[in-house]
Amino acid sequence: MQFEILTIFPEFFTSPFRHGVLARAIDGGIVKVGVHDLRAFTHDRHRTVDDRPFGGGEGMVLKPEPIFEAAQSLALAEKSARDTKRETVILLSAQGKRFTQSVAQELAGIERVVFICGRYEGVDERVNELLCDRELSIGDYVLSGGELGAAVIVDTVTRLLPGVLGNADSSRFESFGKADGSLENLVADVPRSMHGAGGLLDYPHYTRPPVFRGTAVPEVLAGGDHAAIRKWRRERQLEKTWRNRPDLLAQAELSAEDRKFLERLSLG
Ligand code: SAM
């Protein structure tokens, strides 16, 4: 998979891609990341990438010409002729649709993803209209640039690609994971929660020591009773989601048993 990032701060990306899973995926040739300096596509002495907004108002706006030239240098298909299942152009924007795990899963199936990172007041809207296939926001807050958003999306998508995580199950049994009936059985002899995360948050994890500052690891986890561990994990997932992200419950795949447990929780 190939990521291309168009930015006025290419040096921003020297660090985020040099650690852990992402660095291994790049070094192993599973993903390639091209970072392109928009100033290299300007033609004036000052390498100007921004200008004042039409209609007045504060701040500056990224000009369309360097962005289009940078896109051209990547030999992107025209927007109207683009096969967006193979190649897609994303504008990072606080006004975009929310980036979620399911969008990450969709992007993981695309061969080349191009990111346009805004700065200042944003990007001339014609870039969005004429070049981009989608506008994505990484959350309901305003960043000072799209670079962090691009790094977040590259990280999230990369860990979903085959061969990136040491254990492929890691990305199936975590927060926001899709419900999957085939995951019901024990995998690698580990008593997972039922059907992957099923749209819920993950369950809590513990490691040694068994007692830390007077707080013991829940007894059930050391007991070796797989059915009991599975039940405990499912209930903790439900409890955490109910407490921290009740909005997720509406979309989650819940069994009759799950619903009874949630009912008991809400009754206190
Ligand atoms: N005037 C814009 C607004 O109110 O929506 C904010 C511009 S912001 C200061 C500059 C750039 O940061 C944006 O063009 C975008 O690329 C990026 N950005 C800001 N918030 C973002 C978010 N939540 N998700 C993704 N990118 C974001």
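Modeller: Let us begin with the words for strands: two strands pair if DSSP finds at least two bridges between them. Helices (H or I, at least four residues) and strands (E, at least two) are DSSP runs, numbered from the N terminus. The model is predicted, so local features need pLDDT of at least 70 and side-chain atom pairs count only at pLDDT 80 or more, while totals for chains, interfaces and linings use all residues. Residues are numbered from 1 along each chain as its sequence is written.

Biologist: How many helices and strands does the secondary structure of the chain come to?

Modeller: The chain has 268 residues, and its C-alpha atoms fill a box of roughly 70 × 45 × 40 Å along the principal axes. Its secondary structure comes to eight helices and nine strands.

Biologist: Which strands stand at the edges of the sheet, each with a single partner strand?

Modeller: The open sheet is formed by five parallel strands, in the order E2-E1-E6-E5-E7. A strand at the edge has one side left without a neighbour in the sheet, and because they have a single partner strand each, the edge strands are E2 (32-37) and E7 (134-137).

Biologist: What is the average twist from one strand to the next?

Modeller: Such angles run from 0 to 180 degrees between N-to-C directions, with axes fitted as lines to C-alpha atoms, for helices over the stretch in contact. From one strand to the next, the twist averages 30°.

Biologist: Over how many bridges do E1 and E6 pair?

Modeller: E1 (residues 2-7) is joined to E2 by six bridges, and Phe 3 stands opposite Val 33 in E2. As for E6, its Ile 116 stands opposite Leu 6. E1 and E6 pair in the parallel sense, and the number of bridges is five.

Biologist: How many of the five residues of E6 are buried?

Modeller: E6 is joined to E5 by five bridges in parallel, with Val 113 of E6 as the bridge partner of Thr 88. A residue is buried if 20 or more other C-beta atoms, placed from the backbone, lie within 10 Å of its own, exposed if 12 or fewer, and partly exposed in between. E6 is largely enclosed by the rest of the structure, because its buried residues number four.

Biologist: Which element gives the most residues to the shell around the ligand?

Modeller: A residue is near a molecule if its C-beta atom, placed from the backbone, lies within 6 Å of it. Of the 20 residues around the ligand, those that come nearest are Leu 92, Ala 94, Gly 118, Gly 146 and Gly 149. With four residues, the element that gives the most to this shell is E5.

Biologist: How far apart do the C-alpha centres of domain 1 and domain 2 lie?

Modeller: Domain bounds come from an automatic or database domain assignment. This assignment gives domain 1 (2-158) and domain 2 (178-267). The distance between their C-alpha centres is 37 Å.

Biologist: Is Ala 75 buried or exposed?

Modeller: Ala 75 lies in the loop between helix H2 (64-73) and E5, and its phi is near 50°, a positive value in a residue other than glycine. Most residues other than glycine have a negative phi. Because 7 other C-beta atoms lie within 10 Å, Ala 75 is exposed.

Biologist: What is the omega of the peptide bond from Arg 208 to Pro 209?

Modeller: Pro 209 is found in the loop between H5 and strand E8 (211-212). Most peptide bonds are trans. The bond from Arg 208 to Pro 209 is cis, with omega near 5°.
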